[in-house]
Structure formats: structure tokens, C-alpha cells
Amino acid sequence: MSERRVAGVELGGTKIIAVVAEGRTILARQQWPTGDDAAAVLGLVAAWLRQKQIEQAFEALGIASFGPLCLDRKSAEYGRILATPKPGWSGADVVGTLGGGLGLPVGWDTDVAGAACAEGQWGASVDCEVHVYLTIGTGIGGGVVIGGKPLHGALHPEIGHVRVRRAVGDRFAGICPFHGDCLEGLASGPAIAARAGQPAHAVPPDDPVWGLVVNEIAELMHMLILTISPQRIVIGGGVGYGQIHLLPRIRAATAACLQSYLPDHSIADFQQLIVHPTLGHEAGVFGAIALAQSLLGEKLL
Ligand code: ADP
Ligand code: ZN
């Protein structure tokens with residue numbers, strides 16, 4: 001495991017966490033509310049990083065952020081948050097503000113890509129060539145890692161907004177402001193709450209809404225398995241990780257959905273394929289650290 005010292009920043013919808021770490025050992029940690037004044041809070045984080053660089057010289061910075069993000073190094077928008085419903089954050093120059101004064105390599109990616117890298121480096125997806133980290137929480141999002149690198153392409157995957165087949169007769173309109181009944185509009189925490197009339201964490205396991213959600217998530221599994229052929233799909237997030245009955249049901253529904261089309265897809269195989277994170281709630285912070293470490297070439301993620 002790498003012991004070179006790096007800094008990481010996890011930029012979340014409610015809080016920002018910055019750390020200095022050696023491997024997975026956190027040497028320093030600070031937290032700020034994300035708020036709606038991006039320039040002000042990023043200035044505070046930048047000042048903390050500059051101070052830590054003096055005290056605990058680190059060699060690279062990794063930033064794992066809520067999206068959507070501009071990851072295209074050739075674009076003038078590189079390092080910025082793109083149009084987001086989050087007030088005050090559209091266009092925020094995250095990489096410029098946090099990395100500008102450091103003179104160090106800066107890794108910049110989505111929170112889910114970071115979490116996928118961290119699971120690939122230390123967790124459930126070690127030794128997997130192609131793997132996915134999916135969060136089912138306030139939203140649904142996924143990071144895809146191929147050959148140690150997060151998949152970008154034109155933007156980055158926005159897996160949560162795919163449309164899936166729905167149960168016959170299910171009339172819930174969905175809550176995605178863009179698509180209505182995309183997967184996020186149907187199966188995110190707020191969508192489950194809207195369907196069930198109570199917060200997602202309070203909906204009992206035998207409520208029929210979970211059967212609908214399980215099948216909709218299995219549709220996404222079906223799509224991911226057939227398109228990118230992952231060796232591991234890690235399902236985290238408040239809903240994905242918080243409801244222990246979901247994972248076995250998602251595996252069974254995915255097997256039923258795929259109808260034995262592929263070899264090696266017994267239920268036992270699905271237990272290896274679709275799993276929970278092993279880094280738990282720290283996946284975001286470790287994601288930022290993993291993004292920084294990957295720049296040092298210590299280890300292919
Ligand atoms: P975020 O997506 O904002 O980063 P989380 O992954 O914790 O944060 O997701 C928050 C969402 O997950 C909320 O909609 C919340 O109601 C829901 N949630 C949190 N804990 C649970 C739980 N144990 N069971 C079901 N839903 C949960
Ligand atoms: Zn959508």
C-alpha cells in the first residue's frame with residue numbers, strides 16, 4: 001500500500017471534508033458546510049490546504065465532487081462544476097481555487113468515480129478490470145472504472161438517469177425534474193419517500209414499494225452487465241447500504257431479469273458480482289485520496 005502523503009477533498013451536497021493522508025491513514029481532517037457561497041467556502045478549504053502543505057507537505061491533491069463536472073482538460077471549463085440545481089455552485093472553479101496555489105498534480109473526478117477507485121484500491125473491487133460504484137441515496141449515480149481509470153468520455157456516466165422497464169400498472173410519475181420516471185426519479189431516497197408517503201428509512205421491508213424499487217434497480221444491473229460486463233458492482237448510499245434486505249433481492253431480481261442468458265450467472269455468481277462497499281461511509285474521503293494517489297503512479301487502481 002502506498003504511504004506517500006497526499007491531500008484529498010470530498011465535496012458533498014451538505015459538507016466538504018478535506019484530509020491529509022498516508023495510504024488510508026488520515027493525518028489531518030477538517031470539515032465545512034457546503035452552503036451556497038461556493039467561492040467563500042472554497043477559499044476556506046484552499047487556505048487550509050496551503051497551511052497543511054507547509055506543516056505536512058503532501059505530493060498531490062485529489063478532489064471527488066458532486067456533479068455534473070467538467071473533466072475535459074482541453075475545455076476552458078475544466079475543473080468547474082457545471083449547471084447544477086444546487087444554489088451558488090453552478091460554474092464554481094473548484095480545481096482552480098483549491099489546486100491553483102499548490103503547484104502539485106490535482107486529480108478531479110465525480111464522488112462516485114472516486115468511491116469506485118477507492119473500492120478498487122482497497123475495497124470490494126480489488127483486482128477487477130471493470131467495476132462500478134453505484135450510490136442510491138438522495139440521487140442515484142455511478143462511477144465506472146476500466147483498467148484502473150474512471151470512465152469519462154464526453155462527460156462522465158450519469159447512470160442514475162437511465163430509464164428502466166416498470167411494473168405493469170405502476171402509475172407513479174417519478175420525481176426527476178428532468179425525466180420524471182428515470183431510475184433516480186423512481187428509486188432514489190426522495191422518490192421512495194414520495195411513493196410510500198414516509199421517509200425511505202421508515203418504510204418497512206415488506207412494503208410493496210421495495211418490490212418495485214428492487215425490480216427497477218435490477219433493470220439497471222441488467223443493462224450494466226450487458227453493456228460494460230463488470231466484474232463487480234458495488235451498491236452504496238443511504239438507501240443502497242441502509243436497507244440490508246435489498247441486496248439479496250436485487251441479486252435475485254437481476255438473475256430473473258437476465259434469464260440465464262450469460263454463463264457464470266448463477267445466484268452464487270451474483271453474490272460475487274453485486275456487493276456492498278467495504279469502505280462504508282468513508283468511501284467518499286478515501287475516493288479523494290485514491291484520486292490523488294493514482295497521480296503518483298504508486299499503484300494502478
Ligand atoms: P447523499 O445521497 O445525500 O450523499 P445518502 O447516501 O445518505 O446521502 O442518501 C440520503 C438518502 O437516503 C435520503 O433520501 C434518506 O432518506 C435515505 N436513507 C438514509 N438512510 C436510509 C436507510 N437506512 N434506509 C433507507 N433510506 C435511507
Ligand atoms: Zn432523471
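## Basis of the model

Helices (H or I, at least four residues) and strands (E, at least two) are DSSP runs, numbered from the N terminus. This is a predicted model, in which local features need pLDDT of at least 70 and side-chain atom pairs count only at pLDDT 80 or more, while totals for chains, interfaces and linings use all residues. Residues are numbered from 1 along each chain as its sequence is written, chains are lettered from A and ligands numbered from 1 in the order in which they are written, and side-chain values use heavy atoms, with hydrogens and water left out.

## Shell around ligand 1

The residues around ligand 1 (one of their heavy atoms lies within 4 Å of it) are G137, T138, G189, P190, A200, H201, G237, G238, V239, G242 and Q243. Helix α7 (237-242) and helix α5 (189-196) each supply at least two residues of this shell. The most comes from α7, with 4 residues. By class, the shell holds 8 polar, 3 nonpolar and no charged residues. In this scheme Ala, Val, Leu, Ile, Met, Phe, Trp, Tyr, Cys and Pro count as nonpolar, Asp, Glu, Lys and Arg as charged, and the others, Gly among them, as polar.

An oxygen atom of ligand 1 lies 2.6 Å from an N or O atom in the side chain of T138. For Q243, an N or O atom of the side chain is 2.7 Å from a nitrogen atom of the ligand. At G242 a polar backbone atom is 3.5 Å from a nitrogen atom of ligand 1. On its own, ligand 1 has 560 Å² of accessible area, of which the protein covers 57%. Accessible areas come from the Shrake-Rupley method with a 1.4 Å probe; for residues, only the protein chains shown count as cover.

## Salt bridges

With a salt bridge taken as a side-chain nitrogen of Lys or Arg within 4 Å of a carboxyl oxygen of Asp or Glu, the count comes to 10. R163, R166, D170, D181, R195 and E216 are linked in a network of salt bridges.

In the pair of D181 and R163, the closest N and O atoms are 3.2 Å apart. Both residues sit in the loop between β8 (149-150) and α4 (183-187), 18 residues apart. D181 has a relative accessible area of 21% and is therefore partly exposed (buried means under 20%, exposed over 50%, partly exposed in between; 1.4 Å probe, protein chains only). R166 pairs with D170 at 3.0 Å between the closest N and O atoms. R166 is partly exposed at 22%, whereas D170 is buried at 18%.

E216 bridges to R195, with the closest N and O atoms 2.9 Å apart. This pair links distant parts of the chain, from E216 in helix α6 (residues 208-228) to R195 in helix α5, 21 residues apart. E216 is buried at 1% relative accessibility, and R195 is buried at 17%.

## Other sites

Q121 is in helix α3 (residues 111-122). With a relative accessible area of 6%, Q121 is buried. Its side chain makes a polar contact of 2.8 Å with the side chain of Q293.

G67 lies in the loop between β4 (61-65) and α2 (94-99). G67 is partly exposed, at 31% relative accessible area. The C-alpha atoms of G67 and T110 are 6.1 Å apart in space, with the two residues 43 apart in sequence.

Key. A polar contact is a pair of N or O atoms within 3.5 Å; within protein, one must be able to donate a hydrogen and the other to accept it, and residues adjacent in sequence count only if both atoms are side-chain atoms.
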